[in-house]
Amino acid sequence: MLTPARILACWALLAALLPGVDAGAADKHGQYLTRAEFLEEAFGTAQPESAVIWFDDELREMASAILGHPPTALRLRYWKGDAKTAWIIDEIGKEQPITFGVVIANGVIESLSVLQFRESRGWEIRYPFFTRQFEAVQLTESGALNRRIDGISGATLSVKAASRVAKLALALDEFTTPKEKN
Amino acid sequence: MFAISSLVFLFLISLTGLILNHADALGLSRASAGPAILRLYGVELPPVDAAFEADGIVYASSSGLVFANGNELAQAPGKLVGAVAVEGGVVLATGSELLVTTRAGHLVERFSPELEGRIARLGSSAGQAVLAVNNRSFLLDAERMAVAELAAPQDLDWSMPVELDSEQAAQIGQAALGNAISWERVLVDLHSGRILPTVGTWIADITALCLIYLCISGAVLWFRRR
């Protein structure tokens with residue numbers, strides 16, 4: 001017969017077993033893609049020389065509005081060639097910076113990758129099921145992404161960091177690639 | 001008495017759980033708990049890992065942060081291994097990363113060279129930074145942020161650590177302490193009972209078990225009445 005004592009014993013057994021279930025998921029931070037690998041994926045063997053963009057007052061203000069804080073460095077390196085630009089940008093998720101790589105062609109994101117993840121939670125954003133959402137994304141007239149990015153439970157801050165980086169890369173690409181006026 | 005104390009713990013667990021559910025949105029993980037809470041935790045000033053002087057500025061690392069004359073410059077895991085003045089600025093190195101700053105101590109750019117091994121030392125030669133990695137030397141091009149191996153480095157001047165006086169060390173320790181305990185951590189400790197070492201955890205466990213028993217026995221009684 002199912003007595004309260006027997007039910008409580010079952011619960012206690014479950015409680016003792018459950019902590020082991022998620023043990024393997026912890027601590028997934030690491031370097032997933034080196035800079036060289038990212039650039040090779042973007043440009044193949046014909047990699048262009050890098051260029052730098054300096055954050056003057058105007059750009060600093062624009063970047064601060066997108067990131068919610070001023071850029072941490074005075075300049076940002078990027079690569080331009082084959083009608084594309086490639087950006088490597090660090091942005092803090094929860095407490096540590098995440099290194100993202102963004103490739104943009106004709107004002108549209110071709111790919112977004114996580115090069116290095118340094119935190120203990122939120123590393124799920126490195127997987128294609130998340131990063132593929134950024135393909136073909138561009139900025140609207142108001143400067144927002146033209147597609148809603150689905151979040152991941154438990155990785156909210158990492159997801160937001162990725163979105164901010166995508167927006168910044170698109171805005172900087174627009175700045176470095178002036179459109180031809182008709 | 002038992003009922004009242006259970007009520008107090010239940011209220012505390014529920015309130016802290018509710019706030020923790022929105023910790024990210026409230027920025028609690030980044031908000032420092034403040035000196036009074038740090039004293040309660042018995043947190044001591046973190047030590048300075050390493051300090052170097054370059055171009056009249058003292059660069060130091062502590063608790064994953066790099067400081068320039070006591071002001072936070074950047075987050076950088078690992079301790080500083082050198083700081084050298086180069087043409088146009090200063091280059092700092094940790095075991096895995098290079099940071100280029102202006103002469104005024106502002107971060108220009110940071111770069112992790114993809115080398116086999118950690119950066120052991122940083123030096124300068126003819127106004128350029130040289131890294132020592134696994135008994136090999138690499139020259140840094142600070143404009144292109146690229147490194148190239150040096151076959152026979154000459155006139156190398158290796159960066160040597162400096163000793164900080166107690167006031168400088170305390171200033172950096174205080175700045176590094178800012179991130180030691182966040183409000184999220186305090187709430188997690190309250191929620192789990194760990195705010196009271198040993199006893200608190202047991203009280204939280206007993207409260208939780210009592211609640212589980214009440215849920216199960218209530219369900220059983222309800223089924224029996226049916």
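How many salt bridges does the rule find across the interface of chain A and chain B? The rule finds five salt bridges there, each being a side-chain nitrogen of Lys or Arg within 4 Å of a carboxyl oxygen of Asp or Glu. One of the salt bridges joins B:Glu184 to A:Lys94, with the closest N and O atoms 3.1 Å apart.

A word on the ground rules: this is a predicted model, in which local features need pLDDT of at least 70 and side-chain atom pairs count only at pLDDT 80 or more, while totals for chains, interfaces and linings use all residues. Residues are numbered from 1 along each chain as its sequence is written, chains are lettered from A in the order in which they are written, and side-chain values use heavy atoms, leaving out hydrogens and water.

Here is the interface in brief, with contact meaning heavy atoms within 4.5 Å and buried area being the accessible area (1.4 Å probe) that two parts lose on being put together, summed over both.

| Interface item | Value |
|---|---|
| Chain A residues in contact with chain B | 25 residues |
| Chain B residues in contact with chain A | 22 residues |
| Area buried between chain A and chain B | about 2,200 Å² |

Carbon and sulfur atoms give 50% of that buried area.

Five strands form an open sheet in the order 12-11-10-9-13, with antiparallel pairing. Strand 12 (146-150) and strand 13 (157-158) of chain B are its edges, each pairing on one side only.

Technical notes: Two strands pair if DSSP finds at least two bridges between them. Helices (H or I, at least four residues) and strands (E, at least two) are DSSP runs, numbered from the N terminus.
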